Amino acid sequence: MKVFLAALVFAAIVAVGTSIVLSAIQMPSYVAFSTSGARVGDPGDNLVGSDWTTTII
Amino acid sequence: MPSSLSKLRALSAAILLLFTFALPAAAQLSFKPTAEAVQEDKLLNALKEGDKISGRISIPDTNAANLIQPAGRDWRDFHRSKLPIIGGVAIIGMFALLAIFLMVRGRIRVDHGFSGTKILRFASFERFTHWLTASCFVVLALSGLNISFGRTLILPLVGANAFSAMSTWAKYAHDFLAFPFMLGLIVMFLIWIKDNIPGKLDLQWIKQGGGILANGQHPPARRFNAGQKGIFWIVIIGGTLMSVSGWFLLFPYLPANVTTMQFWTVIHAVIAMLFIAAMLAHIYIGSVGMEGAFDAMGTGEVDLNWAKEHHSLWVAEEQAKGQAPSGTAPRAVPAE
């Protein structure tokens, strides 16, 4: 059981570590794939906002 | 002055001559754009595999210049219609096969009963590597199946918001747990390759159906029998294909263009379905299907009688090295 739990913890550490490293060395897609003139600001998590299911009237 | 006049006449004659011959050609070039323009469907049908209609752009992403790539329709059709069939047949089919096998054959018991004497089958580091790879694989498989089937099977049950949140986290888990999975795969290959080279003994094991089809038959095997070697190579080859194709999906356009990307997504999806089906069989035989098998990866120690029945040559080798108990302890008899 200890070995199993150790493997789970190690997997989580490697996964989180990888995400931190990749986030540090990679550009966000809205920066990588557009020029600065085309951007109006940080689009956040997605381009439609958190209430993306709300009907726009 | 007369000279200038003659030059003017000559020039006028030349222009007249030009118009005389050029007019029929101009008449041929005149067309009605709306009437004679290429129809879109004809254009798309004329494009062959790998062809694209591209424009000119000024943004950094040069791939955005591709306006139409007809091969994308085949790729989309594969994901929407063929992949669910492949996945369904492989995974549901494997569940059905295992259920039938359990009903017909029943659980594979230790013929001579548990001896009560243990032998070390897998050391801590081996079990750590196994569970590292296995736990990542389970999350990768479930999150991957959500990508393929979630929209059809889960979205109607939980609603758009819950499905969106779940799929977002599943996607993060899929992306980043891929790395400890790949690490586990490499370590697994290094520590177990020496015991997984196929040999003549494996043919004998296969001819006898591994001894799992009938009670009391146990073909000799060293540390890993032919079935376990098969699982090892499925994991190594399948895992490598999943890793390479997954790497191309994590870092888009690393291999080449969009056509190559589509090829690797198909490889990723098909291998994933077959991989999951194979691992279902592995999980079954390592838990429900065979008595005493789970201990090998649970505590690392298996019963000596179990080891003698399924890995007789390995037990003999371990005993010769003095790393295993030599005899079989008397079987405990319950008091009447």
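The model is predicted: local features need pLDDT of at least 70, side-chain atom pairs count only at pLDDT 80 or more, and totals for chains, interfaces and linings use all residues. Residues are numbered from 1 along each chain as its sequence is written, chains are lettered from A and ligands numbered from 1 in the order in which they are written, and side-chain values use heavy atoms, with hydrogens and water left out.

**Chain A**

Select chain A. Its secondary structure comes to 2 helices and 0 strands. Helices (H or I, at least four residues) and strands (E, at least two) are DSSP runs, numbered from the N terminus. Chain A exposes about 4500 Å², and 67% of that comes from carbon and sulfur atoms; accessible areas come from the Shrake-Rupley method with a 1.4 Å probe, and for residues only the protein chains shown count as cover. Of its 57 residues, 16% count as buried. Buried means under 20% relative accessible area, exposed means over 50%, and partly exposed lies in between (1.4 Å probe, protein chains only).

Now select A:Met1, A:Leu5 and A:Leu8. Together they form a nonpolar patch on the surface with about 300 Å² of accessible area. Patches are made of residues with over 30% relative accessible area and no salt bridge; like charges are joined within 9 Å, and nonpolar side chains (Val, Leu, Ile, Met, Phe, Trp, Tyr) within 5 Å. A:Leu5 sits in helix H1 (residues 2-25) of chain A. A:Leu5 counts as partly exposed because its relative accessibility is 42%.

Over all chains, the structure holds 10 salt bridges. A salt bridge is a side-chain nitrogen of Lys or Arg within 4 Å of a carboxyl oxygen of Asp or Glu.

Select B:Lys118 and B:Asp295. Their side chains meet in a salt bridge (3.9 Å, N to O). This pair links distant parts of the chain, 177 residues apart: B:Lys118 is in strand E3 (residues 118-120) of chain B and B:Asp295 in helix H11 (residues 295-298) of chain B. B:Lys118 counts as partly exposed at 39% relative accessibility, and B:Asp295 counts as partly exposed at 26%.

Next, select B:Asp202 and B:Lys229. Here the side chains form a salt bridge at 2.9 Å, N to O. B:Asp202 belongs to helix H8 (residues 200-207) of chain B and B:Lys229 to helix H9 (residues 226-250) of chain B, 27 residues apart. Are these two residues buried or exposed? Both B:Asp202 and B:Lys229 are buried.

Then select B:Glu126, B:Lys194, B:Asp195 and B:Arg223, which salt bridges with shared partners join into one network. Within this group, B:Asp195 forms a salt bridge with B:Lys194, the closest N and O atoms being 3.5 Å apart. B:Lys194 is exposed because its relative accessible area is 61%.

**Last stops in chain B**

Select B:Met103, in helix H4 (residues 71-105) of chain B. B:Met103 counts as exposed, at 67% relative accessibility.

Finish at B:Pro220, in the loop between H8 and H9 of chain B. With a relative accessible area of 24%, B:Pro220 is partly exposed. B:Pro220 and B:Ala123 are 97 residues apart in sequence and 23 Å apart in space, C-alpha to C-alpha.
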